[in-house]
Amino acid sequence: MAKTLHREFVYLWYYFELQLGQIFPYWVLGMALGSVVSVFLKERIHGTFRALREKRLGILGIFAASMLGIASPLCMYGTIPIAASFSKSGIRDDWLAAFMMSSILLNPQLIIYSTALGTAALTVRILSCFLCGVLTGLFLRWFYKGKGFFDFSGFEEPKNKDIDPNLLIRFLKNLWRNVKATGLYFLFGIALSAIFQRYVPAEWISGIFGENQGFGVLLAATIGVPLYACGGGTIPLLIQWLSDGMGMGSAAAFMITGPATKITNLGAVKIVLGTRRFLLYLGFIMAFSYITGLVVNMFVW
């Protein structure tokens, strides 16, 4: 019994160490880039968004807002107070919706993490998140024009923690906060990936998420709801699943529903939407992720 347990531990450690060696550089680079954007570029990104209200962009403002949401380094609990201040300064709800949705789904740090998935998956992730933000803004423009959609009462712009006069110290403090926020999730994701690699046959993954494309996309969209806890933590799982035969459409669905329904994000979104519009948000996310997965499977395997 002891020999069996020791052997299994050795196998799991081997897979863990292998995954860690492959993904760790992307995690470190993502941490560093996220801190650079947060410390040196965040105010410029948000200032650019505020400046849009002075321009008569019309529907094009939705596209710009979605791009700026992806560029913003904030998590959803940081994005909502900023969005509240945007709203007070006159930014339209459809632009805010595009900004907030794409900000939920993607940020510069997660883009760097996702390069470990390969060019195809990275491209799919960026384009699908951008398009989701755009469609969210268009939805509000078409169906809620002239109606208030968000309730930002009680939200104030968050206190800026990056205030140390020494730029290097400011950067290192932000980097340490990022490491504390994501480090355990990152290691847990690698451990979970090692368990899958050791005990879940590759043909199971291929059969569930690859060959049966429609069901695989639906299942991936569904398991993204409870399984997703941190962007960096799910990258090792996706790498393993894709190598085992997971279809790119299923991966796309998982990458959309995961961050959009992460429990902390849901809590923040529920506050500003209320029950009825919150349920509308969930339905939109599930429908978008499923349709996106099917479309992706038509062009990328």
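A residue counts as buried when its relative accessible area is under 20%, as exposed when over 50%, and as partly exposed in between (1.4 Å probe, protein chains only). The model here is predicted, so local features need pLDDT of at least 70, side-chain atom pairs count only at pLDDT 80 or more, and totals for chains, interfaces and linings use all residues. Residues are numbered from 1 along each chain as its sequence is written, and side-chain values use heavy atoms, with hydrogens and water left out.

Now for the overall picture. The protein chain comes out with twelve helices and zero strands, where helices (H or I, at least four residues) and strands (E, at least two) are DSSP runs numbered from the N terminus. Of its 301 residues, 50% count as buried. Take contacts (heavy atoms within 4.5 Å) between residues at least 6 apart in sequence: 85% of them join residues at least 24 apart.

Helix H7 gets a closer look. It covers residues 167-199, and its 33 residues should span 48 Å at 1.5 Å a residue; the end C-alpha atoms sit 47 Å apart, which agrees. That expected span is 1.5 Å times one less than the number of residues. H7 also bends by about 40 degrees at Thr-182, the bend being the angle between axes fitted to the seven residues ending there and the seven starting there. Thr-182 is itself among the buried residues of H7, along with others including Arg-170, Asn-174, Asn-178, Phe-186 and Ile-190. An α-helix has 3.6 residues a turn, so residues three or four places apart point the same way.

Next, the packing. Leaving aside residues up to four places away in sequence, Phe-49 touches Ala-65, Leu-68, Phe-86, Ile-91, Trp-95, Leu-96 and Phe-99.

Last, the cysteines. With a disulfide taken as a pair of cysteine sulfur atoms within 2.5 Å, the count is zero. The sulfur of Cys-129 has its closest cysteine sulfur in Cys-132, and at 7.2 Å that is too far for a bond. Cys-129 counts as buried because its relative accessibility is 0%, and Cys-132 is buried with a relative accessible area of 0%.
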